[in-house]
Amino acid sequence: MSDDLTIGILAKRSCVSVETIRYYQRRHLLQKPSKPLGGYRQYSSETVTRVRFIKRAQVLGFTLEEITGLLGLDERKTCLETRDVAAQKVALIEQKIADLSRMKKALSRLVRACDASSAGEPCPIIHLLVQ
């Protein structure tokens with residue numbers, strides 16, 4: 001890859017939209033290169049790697065704030081620190097799964113109660129929500 005990528009080429013090679021690139025710039029995840037007089041901003045090939053890193057981290061559930069922190073780490077020196085961040089994310093995901101499981105059970109009970117109610121009776125789901 002050469003170092004003369006326009007924003008459109010950067011987006012295409014990174015498998016994101018141009019608006020995603022601009023959003024990452026507004027969030028300070030990517031630097032906005034200076035614009036030459038009468039020309040287009042030029043991005044380096046390393047920017048493709050950075051955008052792909054950001055997208056992979058998002059797929060793993062990291063927030064953009066957390067990704068900013070990850071981008072600031074030196075991969076050769078901070079494996080333990082990165083591991084701790086990932087372990088915290090795993091714990092958070094496990095908590096969310098537990099919460100979702102409780103929500104599913106509660107809603108399933110309400111659906112069964114709704115199925116068992118007779119016509120003309122108040123809806124158990126609505127009844128619970130207005131209490």
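α5 gives the most to the lining of the second largest pocket, with six residues. Helices here are DSSP runs of H or I with at least four residues, numbered from the N terminus.

Before going on, note that this is a predicted model, where local features need pLDDT of at least 70, side-chain atom pairs count only at pLDDT 80 or more, and totals for chains, interfaces and linings use all residues. Residues are numbered from 1 along each chain as its sequence is written, and side-chain values use heavy atoms, with hydrogens and water left out.

**The pocket.** A pocket is an open set of points on a 1 Å grid where a 1.4 Å probe fits, with protein on both sides within 12 Å along at least five of seven lines; lining residues have an atom within 4 Å of a point. The second largest pocket has a volume of about 200 Å³, counted as the space filled by probe spheres set on the points. Its lining includes Phe53, Arg56, Leu70 and Lys89. Two or more lining residues come from each of α3 (45–59) and α5 (79–116). Sorted by class, the lining has nine nonpolar, one polar and two charged residues. Here Ala, Val, Leu, Ile, Met, Phe, Trp, Tyr, Cys and Pro are nonpolar, Asp, Glu, Lys and Arg are charged, and the others, Gly among them, are polar.

**The helix pairs.** Now for α1 (residues 7–14) and α2 (residues 18–26). Axes are lines fitted to C-alpha atoms over the stretch in contact, and angles run from 0 to 180 degrees between N-to-C directions.

| Pair | Axes come within | Crossing angle |
|---|---|---|
| α1 and α3 | 9 Å | roughly 50° |
| α1 and α2 | 8 Å | roughly 100° |

So α1 is roughly perpendicular to α2, a label for angles of 65 to 115 degrees, while under 35 is roughly parallel, over 145 roughly antiparallel and the rest oblique. α1 and α3 are therefore oblique to each other.

Which residues touch? Contact means heavy atoms within 4.5 Å. Leu10, Arg13 and Ser14 of α1 meet Thr47, Val48, Val51 and Arg52 of α3. That contact has three nonpolar, two polar and two charged residues.
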